[in-house]
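I opened this notebook to record what I looked up in one structure. The entries follow in the order in which I made them.

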Amino acid sequence: MTILWLYVLRTIPLSQAFPVLGLMYALIPIASHYLLKERVVFSQWLGISIIITGVILVVN
């Protein structure tokens, strides 16, 4: 993960790369839902959508 992060920092400005790091908080529950069949409740989906919306607004 650290090597990947260093590569990203070489190619993308920090102001764009850092907010994308916040997507991990959204991608982990989504991945566990589809790969591990874990249950994700409505409040988690709401939080995931808020995180994704925030990242889109910050990056653009």
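I began with the lining of the largest pocket, which consists of Met1, Leu4, Trp5, Val8, Ile12, Ala17, Val20, Leu21, Leu23, Met24 and Leu27. A pocket here is an open set of points on a 1 Å grid over the protein atoms alone, where a 1.4 Å probe fits, with protein on both sides within 12 Å along at least five of seven lines; lining residues have an atom within 4 Å of a point. I noted that the model is predicted: local features need pLDDT of at least 70, side-chain atom pairs count only at pLDDT 80 or more, and totals for chains, interfaces and linings use all residues. Residues are numbered from 1 along each chain as its sequence is written, and side-chain values use heavy atoms, with hydrogens and water left out.

I looked up the volume of the largest pocket and found about 150 Å³. By class, its lining has 11 nonpolar, no polar and no charged residues. H1, H2 and H3 each supply at least two residues of this lining.

Next I turned to the surface. Met1, Leu4, Leu6, Tyr7, Leu9, Leu14, Phe18, Leu21, Met24, Leu27 and Ile28 form a nonpolar patch with about 1,100 Å² of accessible area together. For such a patch, residues need over 30% relative accessible area and no salt bridge, and nonpolar side chains (Val, Leu, Ile, Met, Phe, Trp, Tyr) are joined within 5 Å. Helix H1 (2-11), helix H2 (14-21) and helix H3 (24-35) each contribute at least two residues to the patch; the largest share, 4 residues, comes from H1. Helices are DSSP runs (H or I, at least four residues) numbered from the N terminus.

I then checked single residues. Met24 lies in helix H3 and is partly exposed, at a relative accessible area of 35%. The scale I used calls a residue buried under 20% relative accessible area, exposed over 50%, and partly exposed in between (1.4 Å probe, protein chains only). Tyr25 is also found in helix H3, and I recorded it as exposed at 65% relative accessibility. Tyr25 and Ile51 are 26 residues apart in sequence and 7.8 Å apart in space, C-alpha to C-alpha.

Lys37 sits in the loop between H3 and helix H4 (42-59). Its phi is near 60 degrees, a positive value in a residue other than glycine, and Lys37 counts as exposed at 69% relative accessibility. Leu46 belongs to helix H4 and is partly exposed, at 42%. Between Leu46 and Arg10 I noted 36 residues in sequence and 33 Å in space, C-alpha to C-alpha.

Notes. Patch = residues over 30% accessible without salt bridge, like charges linked within 9 Å, V, L, I, M, F, W, Y side chains within 5 Å. Areas by Shrake-Rupley, 256 points an atom, 1.4 Å probe, with all protein chains shown as cover. Salt bridge = Lys/Arg side-chain N within 4 Å of Asp/Glu carboxyl O. Points joined across faces, edges and corners; volume = space filled by probe spheres on them. Nonpolar A, V, L, I, M, F, W, Y, C, P; charged D, E, K, R; others polar.
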